[in-house]
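Reader: Hi! Could you walk me through this model before I set anything up?
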Amino acid sequence: MSSAEHPNTQTAPAGLPPNVITLAQTAQLEALYTIIRDKNTPRGDFIFYSDRIIRLLVEEGAERAGLNHLPVIPKSVETPTGATYEGVAFEGRICGVSILRAGEAMEAGLRDVCRSVRLGKILIQRDEETGLPKLYYAKLPEDVASRYVLLLDPMLATGGSAIKAVEVLMEHKVPEERIIFLNLISCPEGIRKFCEKFPKCQLITGWIDKGLNEKRYIVPGLGDFGERR
């Protein structure tokens, strides 16, 4: 069976919000996801193949993904031949902010694409008393408000941590439309909740799974991403 005839196992909710973008659902991409979903995949292979997907999210993706969603402005440069090349440059600077601890695993892929990129970290955990996401730690670039922020978290389940992270960024004066949320696996429940709260944020996901089970885990999912790395 050719890749064009390969059945797509992704669960895409009807009428995705306009700010949601998925990677091109090819047989090659599904093969990568099959490897990292397998509970018997060795840790080294899990890291290698999940890193490949992370780079796709950051660098390429379907039609446009990751950095290609940053606005550009015209820029002229002189080549070694003395000719002038009319190209483009990113409008504004970028930084990456990972949601600890699993989000840290996506930092290397970002560094591979954006040399010397500045990074920040946010730690959010469930409050034992209220059951709601609570901020425990945030370290962000001092000039984060003037940058485009690539928010990194491999899984979008209920959306609670991602929503809290965006709230933290906006409290630090980052405009909603300058936040781009990247994740490997999402589900319809999390997408719906996140996009209703932040319709101006761009959400780029590698794969949309069936949904959440009674324990609010993504199914079929891939388990605890942080523990498997």
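Author: Happy to; here is a short tour, starting with how to read the values.

Author: This is a predicted model, so local features need pLDDT of at least 70 and side-chain atom pairs count only at pLDDT 80 or more, while totals for chains, interfaces and linings use all residues. Residues are numbered from 1 along each chain as its sequence is written, and side-chain values use heavy atoms, with hydrogens and water left out.

Reader: Thanks! What does the secondary structure of the chain come to?
Author: Six helices and 12 strands. Helices (H or I, at least four residues) and strands (E, at least two) are DSSP runs, numbered from the N terminus.

Reader: And how much of the chain counts as buried?
Author: Of its 229 residues, 44% do. Buried means under 20% relative accessible area, exposed over 50%, and partly exposed in between, with a 1.4 Å probe and protein chains only.

Reader: Now the contacts: what share join residues at least 24 apart?
Author: The share is 61%, among contacts between residues at least 6 apart in sequence. Contact means heavy atoms within 4.5 Å.

Reader: Nice. Could we look at a strand pair? How do β2 and β3 run?
Author: β2 (residues 72-78) and β3 pair in the antiparallel sense over seven bridges. Two strands pair if DSSP finds at least two bridges between them. Ile 73 stands opposite Ala 89 in β3.

Reader: Which residue in that hairpin takes a positive phi?
Author: Gly 82, with a phi near 90 degrees; the hairpin has five residues between the strands.

Reader: Where is Phe 90 found, and is Phe 90 buried or partly exposed?
Author: Phe 90 is in β3, residues 84-90. Its relative accessible area is 47%, so Phe 90 counts as partly exposed.

Reader: What about β5, which strands does it pair with?
Author: β4 (residues 93-100) and β5 (residues 118-126) pair in the parallel sense over six bridges, with Cys 95 opposite Arg 118 in β5. Six bridges also join β5 to β6 (residues 133-139), and those two run antiparallel. There, Gln 125 stands opposite Lys 134 in β6.

Reader: And the hairpin of β5 and β6, how many residues lie between the strands?
Author: Six, and Gly 131 takes a positive phi near 75 degrees in that hairpin.

Reader: Switching to helices: does the span of α4 agree with its length, or disagree, and why?
Author: It agrees, because at 1.5 Å a residue the 12 residues of α4 (residues 160-171) should span 16 Å, and the end C-alpha atoms are 17 Å apart. The expected span is 1.5 Å times one less than the number of residues.

Reader: Which residues are buried in α4?
Author: Gly 160, Ala 162, Ile 163, Ala 165, Val 166, Val 168 and Leu 169. Just after α4, Lys 173 takes a positive phi of about 70 degrees.

Reader: Last one: where does Ser 186 lie, and what does Ser 186 touch?
Author: Ser 186 lies in β9, residues 179-186. It is buried, with a relative accessible area of 0%. Not counting residues up to four places away in sequence, Ser 186 touches Leu 156, Ile 191, Thr 205, Trp 207, Ile 208, Asp 209 and Ile 218.
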